[in-house]
Amino acid sequence: MPPETSRSAGHTKRLGYLSAAPRVSTYQTAEASGPRSHVLGVINAFESLDWTVHTYIVGDRMPRKWMTGSEKKLERSSLIRLGADLIRLSMGLFHSYQAWQELGGKVAWVYERFAIMQALGWIFQRKSVPWILETSGIFFYEAATERKSIALSGVARTLELWAYRKCDVLICVTEVLKELLVEIAGIAPDKILVVPNGVDTARFDAALYHPQRLFDGLTIGFVGSLINWHRLDVLLHAMAELKQEGIHLNLVVVGDGPMREAWENEVQLLHLEDNVCFVGRVAWTEVPSYIAGFDLGYMGYSHLEMGKMYGSPLKLYEYMAMALPVVSSTCEDARDMIIDGQNGYLFEPGDKEDLKRVLLLAIRDQARWSEIGKAARRQVLEKASWRSRVEAMITAIEAILEAQGANPSA
C-alpha cells in the first residue's frame, strides 16, 4: 500500500478536509457562523501541526446569496423542505465523485464534517484512504424535531446511521453523544473518539478588540443561533423577576434563528424592552468585539426534546478565551471547564430559580470579574485550544487505524 493511503502511523501528513453542507462555508458572511469557526479551527490546527490540508467545502462553492435566509424559508414550507431534501441527496452523490476527482491521490486521510443526508468520504474509503467522520449531534433528530428543516426524516436517519457505521473513525464532541451513538447505531465504542470543541485563542483575545457596548449598566451577553435549547426564555424570566426586586440587568443577543420572534415577543410581555437588544447576525470579524462588551457571558444550553444534552457549545470556549466570566448551565463541557465561583458560575439547566441564585452571586462578585475572567482564559489556554484538541485527536486516530490494520474486521 503506498504511503499516502497507509492506515498506520506511518502515513504522510496530507489531509483532505470535506464538508458537504451548502450553508457551511468559510465565508465571513456565512449564515452558519458556529460551524465556520469549527471548520477553520480544525483546518488551521492541522496546518499548525505541519499537515498539508486540501479542502473540498461545498459551501465555499455555492452562490453567496444561498448563505443567508435559507433556515427561515425551510421552516415556513413543507414543500420547500422536500425540495431541499431532494437537492441534498443529488448534491451528495455529485460532490462525492467530484471530491475524489479533485483530491484523490493527494491525501493520506479524509476528515469530514457530517452534513444531513450527505456524506463524501465513502468514495475515498473505497480507494483505501481512511475516512474520519466528525459529528456534533444526532442530525436527523435535530433537523426533524428541533429545527424542523427536513421532510424526509426516515431517509435522513438511514443515511446518517449508515455513515456512522461505515466510516473508519467517528469523532463526536461529548461522552453523552458517544453513548447515544453506541445505543442508536450499534457502533463499536472503540472506533469513536470524543473530541470536545475548542477555540482559536489567538483570535479570541480581548486585548485585540475595542469593546462594543450597547448598555451602560451590567450587561449579560449571548452569541449564537437562537434555537430553543439555548433557553434564553429562562434568562428573560429571571431578569424580569430580578428587575421587580430592584436589580437591573441588560441583555445583548448576537445571532439569529427560529426562536428570535418568540423571544422578542417574550421581551415585550415581560416589559424588558429597555433592557434587551437583539442585534441579529453580525459579521464573523465583529463577534469578538461584542463579546468584549459583555460583563457576563450566558450559556443556557439545556435538554433537547429527547431529554439529553449532548452538544459541545462553542460559545463557552469563546467567552472564556475572551476572559469573560460565564454563567453556564451544567452541561458536560461546562463541568469540565468551569470551576464554580473561580472562573465562572454554574446553574442547573432550565432552572430559573437556580439561575437567579447564580446571577445574584455573580453580581456580588463584580469586583472579582477581572480575576475570574483571567482564570477562565488560562483554563482555555491550558485545555481547549484547537491545536491541543487536534494534536491529541491525531494520536488517537493513528492508534485506532493501527488497530484496524492489525485486525481488518475491526
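Thr135 is buried, at 1% relative accessibility; the cut-off for that word is under 20%. Keep in mind that this is a predicted model.

Where does Thr135 sit? Its place is in strand β4, which covers residues 131-135.

Now the side chain. Thr135 uses it for a polar contact with the side chain of Tyr164, at 2.8 Å. The Thr135 side chain also reaches the backbone oxygen of Gly137, again at 2.8 Å.

Which residues touch Thr135, once neighbours within four places in sequence are left aside? They are Tyr164, Leu170, Ile171, Cys172, Val173, Leu177 and Leu181.

Next, the sheet. Six strands make an open sheet with parallel pairing, and the order is β2-β1-β3-β4-β5-β6. The edges are β2, residues 52-57, and β6, residues 192-194; each has a single partner strand, so one side of each has no neighbour in the sheet. On average, neighbouring strands here are turned by 20° against each other, direction ignored.

Last, two helices. Helix α6, residues 153-166, packs on the sheet and touches β4 and β5, the latter being residues 169-172. The direction of α6 makes about 130° with that of β4. Helix α7, residues 175-185, lies across β4, β5 and β6. Relative to β6, helix α7 runs at about 160°.

Key. Residues numbered from 1 in each chain as written. Predicted model: local features only at pLDDT ≥ 70, side-chain atom pairs only at ≥ 80, totals over all residues. Heavy atoms only, no water. Helix = DSSP H or I, 4+ residues; strand = E, 2+ residues; numbered from the N terminus. Buried < 20%, exposed > 50% of the residue type's maximum accessible area, 1.4 Å probe, protein only. Polar contact = N/O pair within 3.5 Å; in protein donor to acceptor, adjacent residues only side chain to side chain. Contact = heavy atoms within 4.5 Å. Pairing = 2+ DSSP bridges. Axes fitted to C-alpha atoms, helices over the stretch in contact; angles between N-to-C directions.
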